[in-house]
Amino acid sequence: MAVAAQAQDVALRSRDGAIEVTGTLLGFDGQFYRVQTRYGELTVDGSGVLCEGVGCPSLTDYVAEIDIAGSATIGAVLIPALIEAFALSEGLTATRQAEGGDVTYALSTRDGTDPGRTVGRFTVRATTTDEGFADLLADEADIAMALREITPAEVALAREAGLGDLTQANRSLVLALDAIVPVVSSRNPVEAISMRDLSRILSGEIATWSALGGPDVDIAVHLREAGSGLAHGVDRRLLGPARATLRDGVIRHADNAALAAAVERDPFGIGFASFSATGDAKPLVLTGSCGFQLRAARRTIKTEDYPLTAPMFLYLPARRLPALGRDFLAYTRSEAAQVVIRRAGFVDRAAEEVPVDLQGDRLVNAILAARTPADLAELRRLAERLGDWRRLSTSFRFEPGSSQLDAQSRANVRALADALEAGEHDGQELAFVGFSDGRGAAPVNLQIARDRAEAVRAAVLAAAETADLGRVAIETYAFGEALPLACDDSAWGRQINRRVEVWVR
């Protein structure tokens, strides 16, 4: 937390003695006191008051304390790697100490008038997403690591606890991207599977491999422990749309490496692994009745073309972190941090340009899905219009059954707005390109796609308040159902096909 001392009564007096605030010290971030008073929780600028009482922190030897708790997928490797890289970038030494289930990094000065002085401690508690939110709500963590969005129930509890509205854009950030990847043993002959069959395996409707063209042997299902972000993702992304419940007898694993290793040993098992930790197990290609194929790869995850992409969130309560914590969060969005994220095995959020000649799988899927000469004609119109453009990896998708952007897309609005403000697209043409699913009449789908493209364009431009828009030409195009990424015969396929892409030249 922001101050190491246990909460105690303090008195904050203005330097002229005219004003006094008394209460229980909840935190100190090196600049501001956070005090629980009879009037409620108050934040007081430390430069204007004197603190009296045994709970008052030292102003000269202040040590920033930042507690980070939650998803082990994020906390076991990625956050420690980022803390160490951040310390190096700040000219600090990071000393790692493990105690129980917690890992603490003490950051100390190297040079200057007081070398070796500890200026901050980051404590990382790698457990589950559920426990990370619980620690945040209990005021036992400053930052929660999560592989899922916060639930409405948790949002309500956070408001009651005075943590603010955690659904607001400034209360969370997408640190990196992961994905749920179905895996089998390398000895298993199955190479591809549909989303529908994955849900049927999870629900128990498919119990043996014979239903998928294999031997008449029971399928063993391997999942992470309940409460993990991966387990929640399986339930929300696969079981939820099918209105199904998880079968009995699922084999649970405490961490990603153990799950992947167990699946590789089990020739008749199937697991749902993290993209960052598939180990020696064989990833399955996602397929559908129309013949499309989607592989979990860095580019397909970054663009959300892979339908089981899982954003990695950091959630922050509505209170000030110590300056060192704020600097760390700013560092996680830097170009240097994106390199660290890639080296740790995760998918970074740096925008990339993908030329048309590297989009072969998408074009093949679109041709296979074309049902009429009109579909092929629309695909040709797209090729003629965008043939010399490059697609940005920044994409925008919507909540199921809603016109509201999903969590990753809301983060992408800010990221693209930042790029515009920084002048990264000066001198370029930028196009917001809308697509729809294939249900309904083609003219209606085309208009829906155009409306979505216009809405995303408006959201990005509204967020790019300081951008010089005279330096970049911005357009919108729509191609309706011309470039599907998945089959339209399932809710999953239609969801991934409804999107807005960004293209540049």
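View 1. Strands (E, at least two residues) and helices (H or I, at least four) are DSSP runs, numbered from the N terminus. Keep in mind that this is a predicted model: local features need pLDDT of at least 70, side-chain atom pairs count only at pLDDT 80 or more, and totals for chains, interfaces and linings use all residues. Residues are numbered from 1 along each chain as its sequence is written, and side-chain values use heavy atoms, with hydrogens and water left out.

**View 2. Who strand 11 pairs with.** Two strands pair if DSSP finds at least two bridges between them. Strand 11 runs antiparallel to strand 19 (residues 309-315), with seven bridges joining the two. Look for L177, whose bridge partner in strand 19 is P311. Strand 15 (residues 269-274) also pairs with strand 11 in the antiparallel sense, this time over five bridges. Strand 16 (residues 282-283) is antiparallel to strand 11 too, and two bridges join them. Now find V183: G271 stands opposite it in strand 15, and P283 is its bridge partner in strand 16.

View 3. Three strands make up an open sheet with mixed pairing, in the order 12-17-18. Strand 12 (192-194) and strand 18 (293-294) are at the edges with a single partner strand each, so one side of each has no neighbour in the sheet. Strand 17 (residues 285-287) runs antiparallel to strand 18, and two bridges join them. Here T287 stands opposite Q293 of strand 18. Helix 5 (residues 195-203) lies across strands 12 and 17, at about 80° to strand 12. Axes are lines fitted to C-alpha atoms, for helices over the stretch in contact, and angles run from 0 to 180 degrees between N-to-C directions.

**View 4. Helix 2 meets helix 10.** The axes of helix 2 (residues 78-89) and helix 10 (residues 335-343) come within 10 Å and cross at roughly 140°. That makes helix 2 oblique to helix 10, the label for angles that are not under 35 degrees (roughly parallel), over 145 (roughly antiparallel) or 65 to 115 (roughly perpendicular). Which residues make the contact? They are L78, A81, L82 and A85 of helix 2, with A337, V340 and I341 of helix 10; contact means heavy atoms within 4.5 Å.
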